[in-house]
Amino acid sequence: MIGRLNHVAIAVPDIARAAEVYRTTLGATVSETVPQPDHGVSTVFITLPNTKIELLEPLGQNSPIAKFLERNPDGGMHHLCYEVDDIRAARDQLKSEGARVLGDGEPKIGAHGKPVLFLHPKDFCGTLVELEQA
Ligand code: CO
């Protein structure tokens, strides 16, 4: 069912510093910081030859990554994003197999302008999984 790894997301306390580490120390191609107020985060995308890294910094009150950073003050891997051809078909199949979809279960428009869903980490080896319509 799942296709390409679209991105690995890393939550960080200081996105400018994290972007600089990727740009300078690791020599990667790094985007500008984009505030995403609808998602409660600012994002930086790092383009690698085979996938992307998404840096996430909390934005505003009630950011969905605030608790994660309380537990991981230096930052850490937050989620994996896999591409699927048909996000509603994937959701229905996963639900029929007992997986929990977060929120109201309806796809939302994610940081790349495509429909996304999140799956409960307890059902996927302790890792938050994002599905994105390819
Ligand atoms: Co993501």
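Leu-94 sits in helix H3 (residues 87–96); helices here are DSSP runs of H or I with at least four residues, strands are E runs of at least two, and both are numbered from the N terminus. This is a predicted model, so keep in mind that local features need pLDDT of at least 70, side-chain atom pairs count only at pLDDT 80 or more, and totals for chains, interfaces and linings use all residues. Residues are numbered from 1 along each chain as its sequence is written, and side-chain values use heavy atoms, with hydrogens and water left out.

Back to Leu-94: with a relative accessible area of 9%, it is buried. Buried means under 20% relative accessible area, exposed means over 50%, and partly exposed is in between (1.4 Å probe, protein chains only). Not counting residues up to four places away in sequence, Leu-94 touches Met-1, Ala-99, Leu-119, Phe-124 and Leu-131, where a contact means heavy atoms within 4.5 Å. Leu-5, on the other hand, is 89 residues from Leu-94 in sequence and 18 Å from it in space, C-alpha to C-alpha.

Now for the nonpolar cores. A core is a set of buried Ala, Val, Leu, Ile, Met, Phe, Trp, Tyr and Cys residues joined through side-chain atoms within 4.5 Å. The largest one has 14 residues, and those touching the most other members are Tyr-22, Val-30, Val-44, Ile-46, Ile-53 and Leu-55. At least two residues of this core come from each of E1, helix H1 (15–25), strand E4 (41–47) and strand E5 (52–58). H1 gives the most, with 4 residues.

Next, have a look at strand E1. Of its 7 residues, 6 are buried, so E1 is largely enclosed by the rest of the structure. What does E1 pair with? Strand E6 (residues 76–84) runs antiparallel to E1 and is joined to it by 6 bridges, while E5 runs parallel to E1, with 5 bridges. Two strands pair if DSSP finds at least two bridges between them. In these pairings His-7 stands opposite Cys-81 in E6, and Ile-10 stands opposite Leu-55 in E5. Asn-6 is also found in E1 and is buried, at a relative accessible area of 4%. Among the residues Asn-6 touches, not counting those up to four places away in sequence, are Thr-51, Cys-81, His-112 and Glu-132.

His-7 brings us to the metal. Which residues coordinate the cobalt ion? They are His-7 (NE2), Glu-54 (OE), His-79 (NE2) and Glu-130 (OE), at 2.1 to 2.5 Å. Donors are N, O and S atoms within 2.8 Å of the metal (3.2 Å for Na, K and Ca), and water is not among the atoms, so sites may look incomplete. The 4 donor atoms subtend angles of 87 to 175° around the cobalt ion, which makes the arrangement irregular. As for the cut-offs, four donors are tetrahedral if all angles lie between 85 and 135 degrees; four are square planar and six octahedral if opposite donors are over 155 degrees apart and all others between 65 and 115; anything else is irregular. Along the sequence, the donor residues are spaced H-x46-E-x24-H-x50-E. His-7 lies in E1 (residues 5–11) and Glu-130 in strand E9 (residues 128–133), so the pair ties together parts that are 123 residues apart in sequence. Both His-7 and Glu-130 are buried.

What about the cysteines? The disulfide count comes to 0, a disulfide being a pair of cysteine sulfur atoms within 2.5 Å. The sulfur of Cys-81 is 17 Å from the closest cysteine sulfur, in Cys-125, too far for a bond. Cys-81 is buried, with a relative accessible area of 0%, whereas Cys-125 is exposed, at 80%.

Cys-125 lies in the loop between strand E8 (115–119) and E9, and has a positive phi of about 60° although it is not a glycine. Most residues other than glycine have a negative phi. Asn-62 has a positive phi too, near 60°. Asn-62 is found in the loop between E5 and helix H2 (66–71), and is exposed, with a relative accessible area of 76%.
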